[in-house]
Protein chains: 2
Amino acid sequence: MNAPAAPHHLAPDIKPRPAPAALLAALKRRFGAQFSEALAVREQHGRDESAFTTVPPPEAVVFAESTQDVRDLVRLCAEHRVPVIPYGVGSSLEGHLLAVQGGISLDLSRMNRVLSVNAEDLTVTVQPGVTRTQLNNEIKSTGLFFPIDPGADASLGGMAATRASGTNAVRYGTMRENVLALEVVTAQGEAIRTGTRARKSSAGYDLTRLFVGSEGTLGVITEITLRIYPLPEAVSAAVCSFPSIADAVNTVISTIQLGVPIARVELIDTHSVRAVNRHSKLSLREAPMLLMEFHGSPAGVKEQAETVQQLASDNHGADFEWADTPEERTRLWTARHNAFFAALQSRPGCRCITTDTCVPISRLADALLASVEEADASAIPYFLVGHVGDGNFHVGYLIDPADEDERARAEALNHRVVARALELGGTCTGEHGVGLHKQGFLLDEAGAGAVTMMRGIKQALDPDNILNPGKVFTQG
Amino acid sequence: MNAPAAPHHLAPDIKPRPAPAALLAALKRRFGAQFSEALAVREQHGRDESAFTTVPPPEAVVFAESTQDVRDLVRLCAEHRVPVIPYGVGSSLEGHLLAVQGGISLDLSRMNRVLSVNAEDLTVTVQPGVTRTQLNNEIKSTGLFFPIDPGADASLGGMAATRASGTNAVRYGTMRENVLALEVVTAQGEAIRTGTRARKSSAGYDLTRLFVGSEGTLGVITEITLRIYPLPEAVSAAVCSFPSIADAVNTVISTIQLGVPIARVELIDTHSVRAVNRHSKLSLREAPMLLMEFHGSPAGVKEQAETVQQLASDNHGADFEWADTPEERTRLWTARHNAFFAALQSRPGCRCITTDTCVPISRLADALLASVEEADASAIPYFLVGHVGDGNFHVGYLIDPADEDERARAEALNHRVVARALELGGTCTGEHGVGLHKQGFLLDEAGAGAVTMMRGIKQALDPDNILNPGKVFTQG
């Protein structure tokens, strides 16, 4: 790792490539009511949940309804070398959707059909605009479910593009492990297929995994085949409070090292519990807390739960409370999922700068506790949540977007969190992606040689740099 | 899928690119005793377990002992645009190691150190020449193990390069899921690192997964970080005979569809049982047979075994025999691992053309039974083994290499097996890779657009086409 000299990317580098009138006219002709230049629509598509607020919106928005629509849009934009920015539900935390080089936002939310459910093979094929909760509602009657759960009700296209994960990944893996096959529209406007419905393959380069996590820069995902799983026979959830974050983290480290196949294990700190209590009208004890879930046969779940309860007790855990009915569990996980918005509401008008490091499990306590100490010392309001079974945690610094000094101090904290994670053998982003915000960190983590290789691949696949340019790295 | 007109690649396309004397002299100077032009050494490095026997050997062999050696070799070859063919233990079944365009064989077997064991993180970092049994011997005292087991005692570099899997993959995944990070020497002779020791990451393009399965054509793997697992608390293995292959396959399909986390489930047909009995002096009932293994807690293993035993019984399974001691299990799995060589010995002087299709589990009976019927009708000696829990099976046609007619008929059978798998939503290769043999099949499976994209990536990373040229696809 190269020690970086200064916090990276306090502000995005804006280099508009204006769309010629001829392109806008051609898009209007081709897409009619699916095309919009209305300012409100453009503005809605020009922002996300990141802390960047000053980028001009895209020049127009096209609402694709088919792969053919996507192909035609990309071809028209390619003719004029104008950027195309794929858009799902706008839940990016890293500026993925921002039109830093101008261009057209490609809204895929109307491509929201579940195309086929192969229950007997545990696979499903969907369009990219299907969200994870929509998918789970549509397959509920089959006794199967799709586990990947990043918190937000993100589109599956967006989740594939950012290699998302979240709760459940500790047991079921991330989008990397759960995308079997894709249809992708290339920068040339061709549709290609990658992968098959077979569980494994050694047939050539792993283009599926190359597109998963490419953040819209190599192609537009227009179809996704996913693994799904039998709903576990038994599910049990629990919360447990701890006197300190260290105790909670040590419980998790032991759980993972023992190989307990826990399905979810989430850490939320006192700030998060307080915000969640206020937002969701709960009365959780305001102390560091683990939220856990166990999946399996009744005997298996009991075995896992007993093991973890013992580990928690060894680490001073108190108030092990069980949530065994679906209603109680839903209440618990809704509270967890609302943590981000609950925290935002705790400081009205704020924006959130979110860290996303992930470290080897044995280094989790080192990484996390030092980050908490620095955040405490900064006096910037913050909250902490973590998919700690994977070694992944988020510190959210709640900044006043108008206060440049506060932003810079929060970025400096973020910078220290990342530098520490890299020193410990971890990554700057466990699940949110690089986007605009972590380009310097990517360079620190991967090294110049690997980033040069990524640039070479981008250049080979998208020589005019029209697909979501300026994200992951800057080109040319 | 495009219906192919005729069996592909009955013979490899040989286009030698002779190494200039200046290169050979420079290699000799740089590598001294690590460099060999001896015919026996070259011949040993110019063949593998595939049915190709007529390709001239590489012009020389370099035994690398360090990443620096690999860098220097690649740089010298790059200067002269001479091919470099990475070599592990020579267990490829698809001609990966053959010098179809001449060049230098890069033997990595001396890079065989386990560099670090991070037991508390369940990771290990190895050099590419470490074999899977060596690794498991070296980490035995930690209570951890590396599950991927392709049968042959392959090198981990070779296993990464072909995206290998084998028994255990049904539970633990393939090399795709179990390689966390790599060091790779590029075609320019630079060493880059991909991935980290963190369990998940969204940091840029997934170069790790791009190199896994790239068959030595994009870079030379010089270091591998792998996931390892706690040895299961309880292990139980069993064999069960069935009156027909259909009954055995239907048992497996039900097992997978129920979500039973079985660790291994292998099918061997009557021909294989007979060969194994003779080779390993066993007295297994000469009927289609499943070999199974269950991993977990004692209660979990019992639960799984009871479920599968019931399913087997529903499908006319008989003689459910348990192997509960390590010695009994070793005897059983050694027999399975020897199936390939046992079958080869059943026809002295033969070579084996091996199919490797993998289909969605619900289509396994369709794919497998039709393939058996065609093989039976052909009168060519064959055997069948399968990692059937993944939908992956191998028909091995035992041909007389001098009999071109028999070879062509076996290739035609192979062709039908693949065409059927692709129609059923599967892949032409579950775990062996494309090599020389499946290039036409790759095109049928992935389509021209995807293969063109693969070629574009190869061109971007290795513009002079020096890394294992002529494998996966032909270039230029």
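Visitor: Over which residues of chain A does pLDDT stay under 50?

Guide: Where pLDDT is low, the predicted coordinates should not be read in detail. Here pLDDT (the predictor's confidence in each residue, from 0 to 100) stays under 50 over residues 1–10 of chain A. This is a predicted model, in which local features need pLDDT of at least 70 and side-chain atom pairs count only at pLDDT 80 or more, while totals for chains, interfaces and linings use all residues. Residues are numbered from 1 along each chain as its sequence is written, and chains are lettered from A and ligands numbered from 1 in the order in which they are written. Chain A averages a pLDDT of 94, and 97% of its residues score at least 70.

Visitor: How many residues does the contact take from chain B and from chain A?

Guide: The contact, counted where C-beta atoms placed from the backbone lie within 7 Å, takes 72 residues from each of chain B and chain A. For the complex, the predictor gives an ipTM of 0.95 and a pTM of 0.96.

Visitor: At what angle do helix 14 and helix 15 of chain B cross?

Guide: Two packed helices are described by the angle between their axes and the distance between the axes. The axes (lines fitted to C-alpha atoms over the stretch in contact, with angles from 0 to 180 degrees between N-to-C directions) of helix 14 and helix 15 of chain B come within 10 Å and cross at roughly 165°. Helix 14 of chain B is therefore roughly antiparallel (over 145 degrees) to helix 15 of chain B.

How values were computed
Helix = DSSP H or I, 4+ residues; strand = E, 2+ residues; numbered from the N terminus. Parallel < 35°, antiparallel > 145°, perpendicular 65-115°, else oblique. Contact = placed C-beta atoms within 7 Å.
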